[in-house]
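Welcome! Open your viewer, get your selection tool ready, and follow along stop by stop.

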Amino acid sequence: MRDLFLLTVLQLCLLISVSASEFASLSGDTSVGISTATASTSRKELPHHVLIGYAFSNYTNVRAAVMEDGVNVVIWAFMDIRSSDKGVDMVDPDVSLVARRDLENMNDEQVEGNTQHHHQQSTAQIKTNLDLNAISSLIQELNTSGYSNTVHLVSFGGWNGPHLDSNLSANEWYSTWRESIASSIFHGIDWDLEGNDDLGSEENVFTLDCLEKMGAISKLMKEDGYIVTMAPPQSYLNPSNPQFSRYVNITDPTRPWHSEFHYFGSNVYSYILAKYGDYIDLVSIQLYESYSDGAMAVHHDGTSADDYLVEFVYNTTIRQKSKFYVDFSMDPTLNVEGQYVDFPLSKLVIGLANGWAATSSDKTLYVSSEQCKSAYERLGVNSPRGFMFWTIEERGTNGVYLARGIHEFLPV
């Protein structure tokens, strides 16, 4: 009887413990933070070598890219965090989910109620066209299928995408992230803020507030155990160019090729790397930027793509001993003198276009997996951290399976 009594008491204590845990997860109280079980799913380390693919909603392609092609980092595009009026119901159909919840323990009715409650209490909201439920389910499927080491990030920005909300501080932005379901699905964030087709758009200049906020949020992320990457177009972070500008609607009349192009930058991302580089894990430079220096070298100068990759890596990090000079004094707003910016080889990722660029057009640089292999083998110990490509959605376009070809030589 004594043993039966002790067993009954133990069962009762366990029941109370489970009930309390379930209550905490359903109550909408975010002051405690994410539970240990949930938080453990949102912290991961980057692989030693990375093969990164951007994705939107083609889950079949993502599944194949991870399970067949060797992709070990998926970056989901895109997400934004916007301010809203406190106390006003701001439920937006474009928001997949904004309130943190346990996906397994809450039904649709509870999700809807918790989302409404969150909007009424919060001064900011997450906006995205991503289906967070579907992404979470896919991640769980990959985890149980033996691909639990795959890293999943979410990207902010994109071409024609918004810059950071000037009405939110870095702490407010991060608090919204931490209170959202996104913080327990994704292992970190990716900065991909760019310009806009409208030459007069305010998104064609990075405000100092935006740059500082990107850095401060990166610091908060890293201190909380998340991964932070960034993916600047080549002109936005170009170690061969010492000039600096916060504008990204610049023409370059000195160029011998497509000097009329209106959408170049001039090292705007170098400000973040210079001041907040300790909080940036990877930098994927988009060599597929329209009329990039890479495209000019191949299509105008006649350099082979693999030769260019070798020269690019040497010029970016090795010859300059992982530092490059930027004259920040060109922008008086910064109140910063010119200085050397640390850019170690361990952070360098080559950004490539997928099969959509395998055409006769010279606007975008296309580098095949065979050319990547040639450059990688020639670089040897001086090889970059890995490769990134845009996008997984284009897997198989024009008969190109870029990630699969890279996986054959990249030790991921």
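Which residues does I75 touch, not counting residues up to four places away in sequence? Select I75 and look around: I52, G53, Y54, A55, L153, V154, S155, D190 and T229 are in contact with I75, where contact means heavy atoms within 4.5 Å.

Before moving on, a word on what is loaded. This is a predicted model, in which local features need pLDDT of at least 70 and side-chain atom pairs count only at pLDDT 80 or more, while totals for chains, interfaces and linings use all residues. Residues are numbered from 1 along each chain as its sequence is written, and side-chain values use heavy atoms, with hydrogens and water left out.

**Stop 1: around I75**

I75 sits in strand 2, residues 73-83. Helices (H or I, at least four residues) and strands (E, at least two) are DSSP runs, numbered from the N terminus. I75 is buried at a relative accessible area of 2%; buried means under 20%, exposed over 50%, and partly exposed in between, with a 1.4 Å probe and protein chains only. Now pick G53: its C-alpha is 6.2 Å from that of I75, although the two are 22 residues apart in sequence.

**Stop 2: helix 5**

Next, select residues 132-144, which form helix 5. Color L132, I135, S136, L138, I139 and L142, which are buried. These residues cover an arc of only 160° around the axis, so they lie on the same side of helix 5; the arc is that of the directions from the helix axis to the C-beta atoms. An α-helix has 3.6 residues a turn, so residues three or four places apart point the same way. Show what covers the buried residues of helix 5: strand 2 again, along with helix 3 (59-67), strand 4 (151-158) and helix 7 (182-185) are included. At the start of helix 5, find D131, where a side-chain oxygen comes to within 3.2 Å of the backbone nitrogen of N133. Just after helix 5, G146 has a positive phi of about 100°.

**Stop 3: the nonpolar cores**

A nonpolar core is a set of buried Ala, Val, Leu, Ile, Met, Phe, Trp, Tyr and Cys residues joined through side-chain atoms within 4.5 Å. Select W177, W191 and Y269, which touch the most other members of the largest core, a set of 96 residues. Helix 11 (residues 305-318) gives this core its largest share, 6 residues.

**Stop 4: S284**

Go to strand 9 (residues 282-286) and pick S284. S284 is buried, at 4% relative accessibility. Its contacts beyond four places in sequence are I52, M230, A231, P232, V349 and M388.

**Stop 5: salt bridges**

How many salt bridges does the structure hold? There are 17, each a side-chain nitrogen of Lys or Arg within 4 Å of a carboxyl oxygen of Asp or Glu. Show K213 and D209, which pair at 2.9 Å, N to O. They are 4 residues apart in helix 8 (residues 208-223), so about one helical turn separates them. K213 is buried at 6%, whereas D209 is partly exposed at 38%.

Then select R255 and D293, whose side chains meet at 3.2 Å, N to O. R255 is in the loop between strand 7 (245-250) and strand 8 (264-266) and D293 is in helix 10 (residues 293-299), so this pair ties together parts 38 residues apart in sequence. Finish with E68, D69, R395 and R404, a network linked by salt bridges.

Key. Expected span 1.5 Å × (residues − 1). Polar contact = N/O pair within 3.5 Å; in protein donor to acceptor, adjacent residues only side chain to side chain.
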